[in-house]
Amino acid sequence: MRKKIIAANWKMNMTQGESDSFLETFLLEIGDEKRVDIVLVPPFTALARVSDGLSKVQNIKLGAQNMHWEKSGAFTGEISAEMLRELFVRFVVLGHSERRSLFGETDEIVNKKTKAALEASLKPIVCIGETLAERDGGQVEQVLERQLRGSLAGLSPQQLDDTVIAYEPVWAIGTGRTASPAQAQEAHAFIRGILAAMSDNATAEKIRIQYGGSVKPANTAELLGQADIDGALVGGASLDPRGFTEIIKQACTLLG
Ligand code: PGA
């Protein structure tokens with residue numbers, strides 16, 4: 001059984017003060033829930049503050065939204081894996097569609113970052129997903145396979161097992177338009193098949209594949225009830241501590 005993983009991608013939101021208020025409510029609401037893995041992914045400037053806020057908490061992990069693949073050096077504006085590790089960051093989101101479309105990240109770049117993250121013992125959350133034009137053009141499988149093979153090239157089965165995949169159809173991100181559970185399941189099953197082809201069946205069965213794109217409390221249970229959907233990467237709805245708690249509770253209802 002794959003343990004579900006629910007992550008809050010705050011994007012460019014939340015000052016340190018706002019993240020304090022979030023945590024104050026969220027920690028009370030969520031208690032010691034540990035039936036699913038919970039990850040908070042603040043902007044870089046709030047990482048240290050949230051890390052402090054989580055220092056006495058066992059069941060909530062910290063993630064970052066990006067990193068550079070080099071260890072150090074003349075890379076103005078960038079952040080290394082070691083800098084994240086120092087703040088007790090455990091996960092790092094890589095190749096989010098906003099990074100790909102707005103900041104020119106290619107599969108090759110995502111691959112370098114993924115390898116560097118794994119070498120530094122950070123667990124990458126590697127994002128893939130098609131645009132609306134690609135879906136309408138019947139290219140979903142081609143796009144997902146290209147992104148997977150490119151972003152995860154050269155990873156060992158053990159490294160793949162330490163990686164989380166986030167399937168985020170670009171047309172569903174921040175649009176209020178969610179993939180139907182059947183559409184999402186179809187993509188997730190396809191992704192798992194490619195992962196098996198890249199490694200082996202046993203490895204592919206262990207890898208967690210999150211769905212992302214307008215996830216909210218009302219659609220969580222039906223999405224996460226699908227056989228190959230192992231969690232959610234939540235943007236907008238993760239900014240509200242009560243709403244995010246409700247998403248986690250909905251995921252837990254599936255566990256009986
Ligand atoms: P959304 O964002 O939940 O606001 O659609 C998801 C994401 O981009 O990770």
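**Trp 10 and Phe 22**

I started with Trp 10 and Phe 22 in this predicted model, and I found both residues buried (buried means under 20% relative accessible area, exposed over 50%, partly exposed in between, with a 1.4 Å probe and protein chains only).

**Rings**

I searched the whole structure for aromatic pairs and got 4. Trp 10 and Phe 22 make an edge-to-face pair, because their ring centres are 4.7 Å apart and their planes stand at 70°. (Rings of Phe, Tyr and Trp, the last by its six-membered ring, pair if their centres lie within 6.5 Å; planes under 30 degrees apart are stacked, over 60 edge-to-face, the rest tilted.) Trp 10 is in the loop between strand 1 (5-9) and helix 1 (16-30), and Phe 22 is in helix 1, so the pair ties together parts 12 residues apart in sequence. (Helices, H or I with at least four residues, and strands, E with at least two, are DSSP runs numbered from the N terminus.) Ring pairs also link Trp 10, Phe 22, Phe 26 and Phe 244 into a cluster.

**Cysteines**

How many disulfides does the whole structure hold? My search gave 0 (a disulfide is a pair of cysteine sulfur atoms within 2.5 Å).

**Glu 130**

Is Glu 130 buried or exposed? I found it buried, with 0% relative accessibility. Glu 130 sits in the loop between strand 5 (123-128) and helix 6 (132-136). Its side chain makes a polar contact with the side chain of Trp 171, at 2.9 Å. (A polar contact is a pair of N or O atoms within 3.5 Å; within protein, one must be able to donate a hydrogen and the other to accept it, and residues adjacent in sequence count only if both atoms are side-chain atoms.)

**The ligand**

I counted 13 residues around the ligand, and the closest are Lys 11, His 96, Glu 168, Gly 174 and Ser 214 (near means a heavy atom within 4 Å). A ligand oxygen is 2.7 Å from a side-chain N or O atom of Lys 11.

Notes:
Residues are numbered from 1 along each chain as its sequence is written. This is a predicted model: local features need pLDDT of at least 70, side-chain atom pairs count only at pLDDT 80 or more; totals for chains, interfaces and linings use all residues. Side-chain values use heavy atoms; hydrogens and water are left out.
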